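Biologist: I would like to learn how to read a protein model. Could you take me through one, feature by feature?

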Amino acid sequence: MGKGLELVEPVATMRGKESRVAELAVVVPTFNERDNVPEVVNRLENCLRGEAWEVIFVDDDSTDGTAACIREIARQNPRVRCLQRIGRRGLSSACIEGMLASSSPYLAVMDGDCQHDETMLPRMLGLLKGGDADVVVGSRYTDGGGVGSWDMSRARMSRLATRVSRAVIKHDLSDPMSGFFALRREVLELSVRNLSGIGFKILLDVIASSPTPPRVKEIPYEFRTRYAGESKLDSQAMWGYLMLLADKFTGGVVPARFIAFALVGGLGVFVHFAVLTALFQAMSLSFVVGQAGAAAAAMVSNFTLNNALTYRDMRLKGWRWLKGLASFTLTCSLGALANVGVASYLFKQHTLWEVSALAGIAVGAVWNYGMTATYTWKKYSRKSDS
Ligand code: GDD
Ligand code: MN
C-alpha cells in the first residue's frame, strides 16, 4: 500500500451511504506520534463503524515523519486528514485549528497516543445528539474512571491543577483538565474568539471562554498507558497552565505574554542586584563596571527566560538564539533610554519621584515587550523548532 503518489478513488464522495458528510470530526493533535497514528485510525475505524465521521490530525511539523505517515493513510482512507502547521507549537492551538478545519456539527478532541478510550466516542456523540449536553467530557475522576498507572506525583499534580481551575470556571467538573471531550459545534463558535489557545488545557479554555456556561456531562473512562512513544507534557506545561489562568483572570485584556514578560523582567531586577553585589561589593570592582556587568547579565538572563517560557512556542535556537539576543539587547537598551527620558521629564514637571520612576518603568516595559515581540521573536519564528 501507499507507493508513490497513485491517486486513490475518493470513496467518501462516490459510494452511496458513505457520501454523507462527517457528522463527527475527531481532532487529534500530534507531535512525534508516528508509531501511534495507524493504531489510532484502526481503533477509530472499529469503534465508529456505522457512524459518519472523520479524523483530523493536527501535526506541528513533527520531526519523526508523523505528517507523512498520516498522509499515506489518508491517501487510502478519505476519512483521514492531516493539518500540518509549520513554525508553531501548542496542543490547545492545534486543537482549535483542527476543529475550525472541519464543518461537522459534532467535534471531539482526543490524544494521538491511545491513552484516551476511543470506545467512549459513540456514547459521547449520542449524548450530544440527545440534546441534553453541549459538552461531554471523558473523566478520569468520576466513579468508574481512573488514571491507570500514573505515578503518585503526577496524580497529585493533576489533582492540584484541577482544584486551581475552579478559579476560572464555575462548573463543578471532576476532570476539567481532561484532554478528551466532545462538543457541539455551536459551543466552539460562541467561544472561539475568546479562546486563549495557550498550553495544554483546551477544554478548560473552551468552557472558561463561553459567553454562557455550556451544559456539561461527564462520563468515566480509564486513562490508559501510552501505546508508543513518550509524553510531551513536561515541566513547561505547568507554566503554560499558569499563563492560561492569568489570561482568563484578566479577561484577556492584558496579554498573557505581557504578564510573563513582566514577571521575567521583575526577576531580572534580582539578577541585576545579585551580580552588582558580587562585582561591586564582593570583588571591589568599580561601580560603573559592576553596573554594566549587572545590566548585561540581567539582559542575557531575561532573554533566556523569555525565550524558554514567554515565547516557548516559538523558541529560538542556534544562531537564531544569538541573533535574538542581539536584537533583544538593542531593543531593551532603547527601552532604558525611553524609561529614563519619561521619568526625568515627569520628575521635572514636579511629579513625585516614585511616580516618575514607575511611569518610566511602565513605558520601558511596554516598549520592550512590543518591540521584542515584533523583532526578536515574530520575525524569526518561521522555521519550526523541536
Ligand atoms: N500538534 C501538537 N502540538 N500536538 C501536541 C503538542 C504540540 O505542541 N504537544 C503534545 N501534543 C500531542 C501529543 O502528540 C499527544 O497526541 C497529545 O497532544 C497529548 O500529549 P501527551 O504528551 O501524550 O500528554 P499527556 O498524556 O502527558 O497528557 C494528556 O493527558 C492530560 C490529562 O488528561 C493531555 O491530554 C493533557 O491535555 C491532559 O491534561
Ligand atoms: Mn499522552
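Modeller: We start with confidence and overall build, then turn to the metal site, salt bridges and rings.

Biologist: What should I know about the numbering and the ground rules?

Modeller: Residues are numbered from 1 along each chain as its sequence is written, while chains are lettered from A and ligands numbered from 1 in the order in which they are written. This is a predicted model, so to speak by the record: local features need pLDDT of at least 70, side-chain atom pairs count only at pLDDT 80 or more, totals for chains, interfaces and linings use all residues, and side-chain values use heavy atoms, with hydrogens and water left out.

Biologist: What is the mean pLDDT of the protein?

Modeller: pLDDT is the predictor's confidence in each residue, from 0 to 100. Here the mean is 88, and 92% of the residues reach 70 or more. Residues 1-16 are below 50; beyond near neighbours in sequence, this stretch has 17 contacts in the model. A contact means heavy atoms within 4.5 Å. Residues 380-386 also stay under 50, and the model has 22 contacts for them beyond four places in sequence.

Biologist: How many helices and strands does the protein have?

Modeller: Helices (H or I, at least four residues) and strands (E, at least two) are DSSP runs, numbered from the N terminus. This protein has 13 helices and seven strands. Its C-alpha atoms fill a box of roughly 80 × 50 × 40 Å, taken along the principal axes. Take the contacts with a separation of 6 or more: residues 24 or more positions apart account for 76% of them.

Biologist: What share of the residues is buried?

Modeller: Buried means under 20% relative accessible area, exposed over 50%, and partly exposed in between (1.4 Å probe, protein chains only). Of the 386 residues in the protein, 45% are buried.

Biologist: Which residues coordinate the manganese ion?

Modeller: Look for donors: N, O and S atoms within 2.8 Å of the metal (3.2 Å for Na, K and Ca). Water is not among the atoms, so sites may look incomplete. In this model, Asp113 (OD) and Gln115 (OE1) coordinate the manganese ion (ligand 2) at 2.0 Å. Asp113 and Gln115 are both buried.

Biologist: How many salt bridges are there?

Modeller: A salt bridge is a side-chain nitrogen of Lys or Arg within 4 Å of a carboxyl oxygen of Asp or Glu. The count comes to 19. One of them joins Glu33 and Arg226, with the closest N and O atoms 2.8 Å apart. This pair links distant parts of the chain, 193 residues apart. Glu33 is in the loop between strand S1 (24-30) and helix H2 (37-47), and Arg226 is in the loop between strand S7 (216-220) and helix H9 (235-249). Both residues are buried. Glu33 and Arg226 also belong to a network of salt bridges with Asp113 and Lys232.

Biologist: Arg85 and Glu97 form a salt bridge too. Is each partner buried or partly exposed?

Modeller: Their N to O distance is 3.0 Å. Arg85 lies in the loop between strand S3 (80-84) and helix H4 (91-100), and Glu97 in helix H4, so the pair ties together parts twelve residues apart in sequence. Arg85 counts as buried because its relative accessibility is 2%. Glu97 has 25%, so it counts as partly exposed.

Biologist: How do I read a pair of rings?

Modeller: A pair of aromatic rings is described by the distance of the centres and the angle of the planes. Rings of Phe, Tyr and Trp (its six-membered ring) pair if their centres lie within 6.5 Å; planes under 30 degrees apart count as stacked, over 60 as edge-to-face and the rest as tilted. A search of the whole structure finds ten aromatic pairs. Among them, Phe261 and Tyr369 are edge-to-face, at 5.5 Å centre to centre and 65° between the planes. Phe261 is in helix H10 (residues 256-282) and Tyr369 in helix H13 (residues 353-378), 108 residues apart. Both are buried.

Biologist: Which arrangement do Tyr311 and Trp377 show, stacked or edge-to-face?

Modeller: They are stacked: 4.2 Å centre to centre, 10° between the planes. Both Tyr311 and Trp377 are buried.

Biologist: Where does Arg89 lie?

Modeller: A charge sits over a ring if NZ of Lys or CZ of Arg is within 6 Å of the ring centre and within 35 degrees of the ring normal. Arg89 lies over the face of Phe31, at 3.7 Å from the ring centre. Arg140 lies over the face of Phe223, at 5.5 Å.
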